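Please take a moment with the sequence and the model below before reading on. The paragraphs that follow begin with one residue, widen to the whole chain, and then return to individual side chains.

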Amino acid sequence: MCNNAGKTVVSFLVGAMLGAGMGILFAPDEGTKTRKKIKKSFDDTSDNIKHSVEDFSKSLKAKVKELKGSLEENIETLFSHSSYKADEAIEVLEKKLEELKKEAAKLQNEK
């Protein structure tokens with residue numbers, strides 16, 4: 001989704017830059033004025049692209065940070081649940097071991 005938004009912004013800005021350039025080239029001004037307008041338009045568009053890329057980069061970094069936090073929380077939850085389940089399994093096995101020891105002791109006493 002972020003990739004599509006970035007492509008859309010870049011496409012829009014490139015289109016705006018091309019449109020402004022074409023409009024200036026066909027304007028009825030003398031060469032020096034036209035070149036100044038082209039340079040100003042190019043500088044403005046460059047600044048707009050730079051700001052758009054910076055905004056997109058900040059947004060992407062925030063999303064990555066958010067996802068990283070979620071992933072760390074999920075892993076921590078998984079480990080805590082796994083630890084709890086392991087403790088339960090150990091308790092059940094210890095009870096079974098005690099029962100087996102008692103049965104073994106009964107069998108040895110009967111001999």
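**A buried serine and its surroundings**

Serine 41 counts as buried, because its relative accessibility is 14% and the cut-off for that class is under 20%. The model in which this value was computed is a predicted one, and the description that follows should be read with that in mind. Serine 41 has its place in helix H2, which runs over residues 31-110. When neighbours within four places in sequence are left aside, the residues in contact with serine 41 are Ala20 and Ile24.

From this one position we can turn to the chain as a whole. The protein has 2 helices and 0 strands. Its radius of gyration is 35 Å, well over the 13 Å that the globule rule gives for 111 residues, and the protein is therefore more spread out than a compact globule.

How much of the protein is made up of buried residues? Of the 111 residues, 5% are buried, and serine 41, at 14% relative accessibility, is one that counts as such. The accessible surface of the protein comes to about 9800 Å², and carbon and sulfur atoms account for 62% of that area.

Side chains of opposite charge can pair when their charged atoms come close. How many salt bridges does a search of the whole structure find? The search finds 3 salt bridges, and each can be considered in turn.

In one of them, the side chains of aspartate 43 and lysine 39 meet with a distance of 3.0 Å from N to O. Both residues belong to helix H2 and, because they are 4 residues apart there, they are separated by about one helical turn. Lysine 39 counts as exposed at 52% relative accessibility, whereas aspartate 43, with a relative accessible area of 31%, is partly exposed.

Another salt bridge joins the side chains of aspartate 44 and lysine 40, again with 3.0 Å from N to O. These two residues also lie in helix H2, 4 residues apart, which is about one turn of the helix. Lysine 40 is exposed, having a relative accessible area of 52%, while aspartate 44 is partly exposed at 35%.

The remaining pair brings us to lysine 96 and glutamate 99, which form a salt bridge in which the closest N and O atoms are 3.9 Å apart, a value to be read against the limit of within 4 Å that defines such a bridge.

Technical notes:
Residues are numbered from 1 along each chain as its sequence is written. This is a predicted model: local features need pLDDT of at least 70, side-chain atom pairs count only at pLDDT 80 or more; totals for chains, interfaces and linings use all residues. Side-chain values use heavy atoms; hydrogens and water are left out. Buried means under 20% relative accessible area, exposed over 50%, partly exposed in between (1.4 Å probe, protein chains only). Contact means heavy atoms within 4.5 Å. The radius of gyration is taken over C-alpha atoms; the globule rule is 2.2 Å times the number of residues to the power 0.38. Accessible areas come from the Shrake-Rupley method with a 1.4 Å probe; for residues, only the protein chains shown count as cover.
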